[in-house]
Amino acid sequence: MSVLNAEPLILGIESSCDDTAAAVLRGRNILSSVVAGQDTLHAAYGGVVPEIAARAHAEKLDICVEDAVQEAGVSLNELDAIAVTAGPGLIGGVVSGVMLAKGLASATGKPMIGVNHLAGHALTPRLTDDLPFPYLMLLVSGGHCQFLLVKGPDDFTRLGGTIDDAPGEAFDKTARLLGLPQPGGPSVERAAKDGDEKRFRFPRPLLDREGCDMSFSGLKTALMRTRDSVVAEKGGMTEQNRADLCAGFQAAVRDVLTEKTRRALDVYLAENPAEPSIAIAGGVAANQALRQSLQNLCEQKAVAFTAPPLRLCTDNAAMIAYAGGALLAQGVSHDMTLAARPRWPLDKTSAPLLGSGKKGAKA
C-alpha cells in the first residue's frame, strides 16, 4: 500500500444470484461500480434460472472486472486486495466469482478475502453513512429476511427472520400470479400505486406470535386464492383488480415488517446503545412504502433511520469490496482453499431458522 494512501485499494467481485458486478473502493470512496444485470435472460421463465445465471456470470465476470478497474483509473497491480462473494447464493455463480478471484490473486500476488454476501448488505450503512456500531439491521431481499444486531465487521447476532419465503421471493411469486414482469418487487410496487390497499384484506402472518420471526408463504397463498375468486366472479382480471391486489399484498408485507421491526427495536434498545440506529438493506429495501413506514416508526422511537441509496440496496460489488476491506483491517485473508458456499449464516451461534443439511445451515 502506498504511504500516501492510508486506505487500501480493494477490488470487489459479486456473483451470488443474477447480477454480475465488480467495483473498486478506497476506504469508503467508491471509485467504480459496474453491475451487469440478467433480467432479459430470465424474463421468459418468471424467475432466476440457476444454470442460465451461472453461464452469464462466467461470460461477464472478467469484462465487469476490466471495466471497473479502467473506470477507477487503476491497474490490477495497484490493488491492495481482492474481495469476492464466497456465499451464500446460487452455487454456480458463487463458484465463478471465487475462481476468478483466485486467478487474479495468484497472478498479482494480492491477498484474497472471501466475503459473506449477507455481510456485504449488513455493512452497507457503514460504507454509505459510517454508521457506528452497534446498530440494528433489517436485511430484506429476494432470498433473505433477517433482523441482525451488527456489532462489528464479523460480529452479527440474529434476532429473528423468515421461517419460509423471503419477502423478495414473495413479491416475485405475486408478480407471476398476477401476470406482471420480473423482477417482481418493482412491478408489484408500481401497480400498487394505483390500487386500494383496503379492498382486499390479506393476513398478517405470525403477528400473533411473540418474537421477531416472520412468514410470507401463507400470504402468497392467500393472494392466489383471492385472485382466483376475483377471476371467477368477474370473469377475468382488470387492471384495477390487479392494482388493488398488489396494494393489499404490499400493505400486508409492510405491516408485518414494521411490527416485527418494532419488536426487534425493543430488544436492541434494551442494550442501551450510545447512538441508537436502525438500517435497512437488500433489494426489498428499495420499496418506498416500506421505507416510509419504517421511517415513521423510527421517529416514534427516537431512533436514527438509515436507508442506503437504491443502487446500493440491490446486489453490487461495492459492498463486497467494503466488507472485504473491513475484514482485511482485522488481519483476515484466505488462501487457495477458499470454497464457494451455497449456505453461510452470519450468526454463528443461533440455531438455523430453516434447518440444515449436509451443506450446513441454510440461514
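Student: Which helix does I91 lie in?
Tutor: This is a predicted model. The helix in question covers residues 91-108.

Student: Is I91 buried, partly exposed or exposed?
Tutor: The relative accessibility of I91 is 39%. Buried means under 20%, and exposed means over 50%. I91 sits in between, so the class is partly exposed.

Student: What is the area of the nonpolar surface patch that includes I91?
Tutor: I91 makes this patch together with V95 and M99. Patch residues need over 30% relative accessible area. I91 has 39%. The patch area is about 250 Å².

Student: Is F249 buried or exposed?
Tutor: F249 is found in helix 8. Its relative accessible area is 0%. The cut-off for buried is under 20%, so F249 is buried.

Student: How far apart in space are F249 and L123, C-alpha to C-alpha?
Tutor: In sequence, 126 residues separate F249 and L123. In space, the C-alpha to C-alpha distance is 29 Å.

Student: How much space lies in the largest cavity?
Tutor: The count is 1 cavity of 30 Å³ or more. Residues lining the largest cavity include F171, V284 and L290. Its space is about 40 Å³.

Student: Which helix gives the most to the lining of the largest cavity?
Tutor: By class, the lining has 5 nonpolar, 2 polar and 1 charged residues. Among the lining residues are Q250, V253, R254 and L257. The top contributor spans residues 239-269 and gives 4 residues. That element is helix 8.

How values were computed
Residues are numbered from 1 along each chain as its sequence is written. This is a predicted model: local features need pLDDT of at least 70, side-chain atom pairs count only at pLDDT 80 or more; totals for chains, interfaces and linings use all residues. Side-chain values use heavy atoms; hydrogens and water are left out. On a 1 Å grid over the protein atoms alone, a cavity is a set of points where a 1.4 Å probe fits but cannot get out, and a pocket is an open set with protein on both sides within 12 Å along at least five of seven lines; lining residues have an atom within 4 Å of a point. Grid points are joined across faces, edges and corners, and a volume is the space filled by probe spheres set on the points. Helices (H or I, at least four residues) and strands (E, at least two) are DSSP runs, numbered from the N terminus. Ala, Val, Leu, Ile, Met, Phe, Trp, Tyr, Cys and Pro count as nonpolar, Asp, Glu, Lys and Arg as charged, and the others, Gly among them, as polar. Patches are made of residues with over 30% relative accessible area and no salt bridge: like charges are joined within 9 Å, nonpolar side chains (Val, Leu, Ile, Met, Phe, Trp, Tyr) within 5 Å. Accessible areas come from the Shrake-Rupley method with a 1.4 Å probe; for residues, only the protein chains shown count as cover. A salt bridge is a side-chain nitrogen of Lys or Arg within 4 Å of a carboxyl oxygen of Asp or Glu. Buried means under 20% relative accessible area, exposed over 50%, partly exposed in between (1.4 Å probe, protein chains only).
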